[in-house]
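Here are a few notes to go with your first look at this one. Have the sequence and the model open side by side as you read.

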Amino acid sequence: QGFSFVLVPAMVSRAEFPYPGLPGVTSDARRQWEHRTWGLRKDEDWNTAVTNREIAQWSNGPQDRARAAARLGGMGARAGVESALTLGTTVLQDPDPAVRLAAAAALAEPGVCTDPGAMALSECALQDGEPAVREQAALSLGRLGEGVPFRLKALVTVLGGDVDWEVRVAAATALGQCGGSDRPAVEALRRAQRDGHPEVRGAAAAGLRRLGRLEGWGSDAIPGAYGFVR
């Protein structure tokens with residue numbers, strides 16, 4: 001009673017491409033199964049994105065994983081939402097800092113990042129153990145454009161508390177790009193004009209100028225500013 005059958009062509013390995021209705025089957029596997037089974041038109045961008053997602057997650061070589069992450073970023077929106085999720089979850093948690101840095105940079109490329117990706121970048125800027133990765137994550141947050149309000153809290157926290165001055169510079173630069181009229185962002189930049197490092201003070205002054213909120217050049221804000229203000 002109630003028997004049902006699924007016809008699978010002999011050329012398809014069920015072990016390799018399980019039936020898409022089975023629990024736990026990823027959408028990548030499902031699409032590959034559909035392409036292999038039913039001969040659907042293969043999309044070059046989709047195939048490229050799938051290949052690079054596989055390499056970015058599973059290659060034994062850190063350089064290969066980093067290059068694959070960079071290629072996904074270079075594809076922009078053509079890489080698809082699943083590429084952003086892959087970059088923001090698996091790749092951004094890679095044990096190799098060079099791979100994490102590549103993922104953080106890729107998520108800043110136009111059309112790549114989604115809200116989950118931006119949240120992952122925020123956590124990375126706050127928590128990653130490698131200063132260069134936190135720096136890149138902060139810079140990437142500044143490039144995401146409008147409509148990502150939760151990133152401001154992360155950038156304000158980084159600017160006020162990161163132990164590495166280069167990461168604080170990145171946070172100040174990012175806030176100058178995306179802070180808008182947000183009061184906590186402006187206040188954080190003004191506090192950063194009293195930072196102990198001249199480059200941070202300069203980046204904060206440049207950020208305030210970019211936002212149209214620079215009220216004056218205090219003597220403590222001038223050192224290091226010339227490299228940032230345009």
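Is R53 buried or exposed? R53 counts as buried, at 2% relative accessibility (buried is under 20% relative accessible area, exposed over 50%, partly exposed in between, with a 1.4 Å probe and protein chains only).

1. Some ground rules. This is a predicted model, where local features need pLDDT of at least 70 and side-chain atom pairs count only at 80 or more, while totals for chains, interfaces and linings use all residues. Residues are numbered from 1 along each chain as its sequence is written, and side-chain values use heavy atoms, leaving out hydrogens and water.

2. Back to R53. E82 forms a salt bridge with R53, the closest N and O atoms being 3.7 Å apart (a salt bridge puts a side-chain nitrogen of Lys or Arg within 4 Å of a carboxyl oxygen of Asp or Glu). E82 lies in helix 4 and R53 in helix 2, so the pair ties together parts 29 residues apart in sequence (helices are DSSP runs of H or I, at least four residues, numbered from the N terminus). E82 is partly exposed, at 21%.

3. Another pair to look at. D128 and R100 meet in a salt bridge, 2.6 Å from N to O. D128 sits in the loop between helix 6 and helix 7 and R100 in helix 5, so this pair links parts 28 residues apart in sequence. Both D128 and R100 are buried.

4. One more. R168 and D195 form a salt bridge at 2.9 Å, N to O. R168 counts as buried at 12% relative accessibility, and D195 is buried too, at 14%. In total, the structure holds eight salt bridges.

Definitions and conventions. Helices (H or I, at least four residues) and strands (E, at least two) are DSSP runs, numbered from the N terminus.
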